[in-house]
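Me: I would like to go through this structure by question and answer. Please look at it first.

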Amino acid sequence: MSLNGKVVLVTGAGQGIGRGIALRLARDGADLALIDVKADKLASVQKEVEALGRKATVFVADVSRRDQIYAAIDHTEKTLGGFDVIVNNAGIAQVNPIADVTPEEVDRIFKINIEGVLWGIQAAAAKFKARGQKGKIINASSIAGHDGFALLGVYSATKFAVRALTQAAAKEYASAGITVNAYCPGIVGTDMWVEIDQRFSDLTGAPKGETYKKYVEGIALGRAQTPDDVAALVAFLASGDSDYITGQSILTDGGIVYR
């Protein structure tokens, strides 16, 4: 799948799935705008993208801040000379029984996981329209956006919300030639899952690593997912091969949740 000449913005690009997505899109020929709250990690990924022969620019931004997302897209257009795709990848996890969730925890995860995607959709669509072009919006949902998981209730709620925003935005922006889709990973061996596993251990008394092992054992294809597995789907959604797909939240989990 060729992305030659395309400019793609990826949020949460400093590590994990976001880094994997950025590097895959660079290998497919895209120039990258790398967005994260962690400047040091962005610098490292920028070097990796440039080593692949592609242009890369970095912009430190908090996706929960609407003005910062708009600024990041303006920076992308000005620095890289265009803007074709946004990957609203940034997000956080939260492991807690529903009975124990606090207002502060709800506010934080809603602002990042839901509002961060909303502002990304809004700002990207506005820029595509201002440029008089079609565009692609790709959002991060999850298997937890298809099934609610115990101790992940609020996190699941945010990912269900991403699916709803994806469907609504696809309908609203189709006439402008803008497609909106989401990818739904499963158990990916990243730092986020290290944190999830530790939190499950704290809450349930399970030995460290046991929760991760239990979930991986439930994967039909018999192994944990890698960032590259997720990035392959995102690369397809970013390419012309997906031009007739919109409003979909596609599972990429090796066989855990079936729809």
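Reply: One definition is needed at the start: contact means heavy atoms within 4.5 Å. The model is predicted.

Me: Is Asn139 buried or exposed?

Reply: Buried means under 20% relative accessible area. Asn139 has 0% relative accessibility, so it counts as buried.

Me: What is the length of the polar contact between the side chains of Asn139 and Thr166?

Reply: Thr166 is among the residues in contact with Asn139. The polar contact that joins their side chains has a length of 3.0 Å.

Me: Why does Leu80 count as buried?

Reply: Leu80 is found in helix 3, which covers residues 66–80. The cut-off for buried is under 20% relative accessible area. Leu80 counts as buried because its relative accessibility is 12%.

Me: How far apart in space are Leu80 and Thr57?

Reply: Leaving aside neighbours within four places in sequence, Leu80 is in contact with Val7, Asp31, Leu32, Ala33, Lys55 and Thr57. In sequence, Leu80 and Thr57 are 23 residues apart. In space, C-alpha to C-alpha, the distance between Leu80 and Thr57 is 7.6 Å.

Me: How far does helix 1 reach from its first C-alpha to its last?

Reply: Helix 1 runs over residues 16–27 and has 12 residues. At 1.5 Å a residue, 16 Å is expected. The reach of helix 1 is close to that, at 17 Å.

Me: Which residue just after helix 1 takes a positive phi?

Reply: Helix 1 ends at residue 27. Just after helix 1, a positive phi of about 110 degrees is taken by Gly29.

Me: How far apart are the end C-alpha atoms of helix 8?

Reply: Helix 8 has 12 residues, so at 1.5 Å a residue it should span 16 Å. The distance between its end C-alpha atoms agrees with this, at 16 Å.

Me: Which element gives the most to the lining of the largest pocket?

Reply: The largest pocket has a volume of about 1100 Å³. Its lining has 44 residues, with Ala90, Gly91, Ile92, Ala93 and Met192 nearest the centre. Elements that give two or more residues to this lining include helix 1, strand 2 and helix 4. The most, six residues, comes from helix 6.

Me: How many charged residues are in the lining of the largest pocket?

Reply: By class, the lining of the largest pocket has 24 nonpolar and 12 polar residues. The number of charged residues in this lining is eight.

Key: Residues are numbered from 1 along each chain as its sequence is written. This is a predicted model: local features need pLDDT of at least 70, side-chain atom pairs count only at pLDDT 80 or more; totals for chains, interfaces and linings use all residues. Side-chain values use heavy atoms; hydrogens and water are left out. Helices (H or I, at least four residues) and strands (E, at least two) are DSSP runs, numbered from the N terminus. The expected span of a helix is 1.5 Å times one less than its number of residues. Buried means under 20% relative accessible area, exposed over 50%, partly exposed in between (1.4 Å probe, protein chains only). On a 1 Å grid over the protein atoms alone, a cavity is a set of points where a 1.4 Å probe fits but cannot get out, and a pocket is an open set with protein on both sides within 12 Å along at least five of seven lines; lining residues have an atom within 4 Å of a point. Grid points are joined across faces, edges and corners, and a volume is the space filled by probe spheres set on the points. Ala, Val, Leu, Ile, Met, Phe, Trp, Tyr, Cys and Pro count as nonpolar, Asp, Glu, Lys and Arg as charged, and the others, Gly among them, as polar. A polar contact is a pair of N or O atoms within 3.5 Å; within protein, one must be able to donate a hydrogen and the other to accept it, and residues adjacent in sequence count only if both atoms are side-chain atoms.
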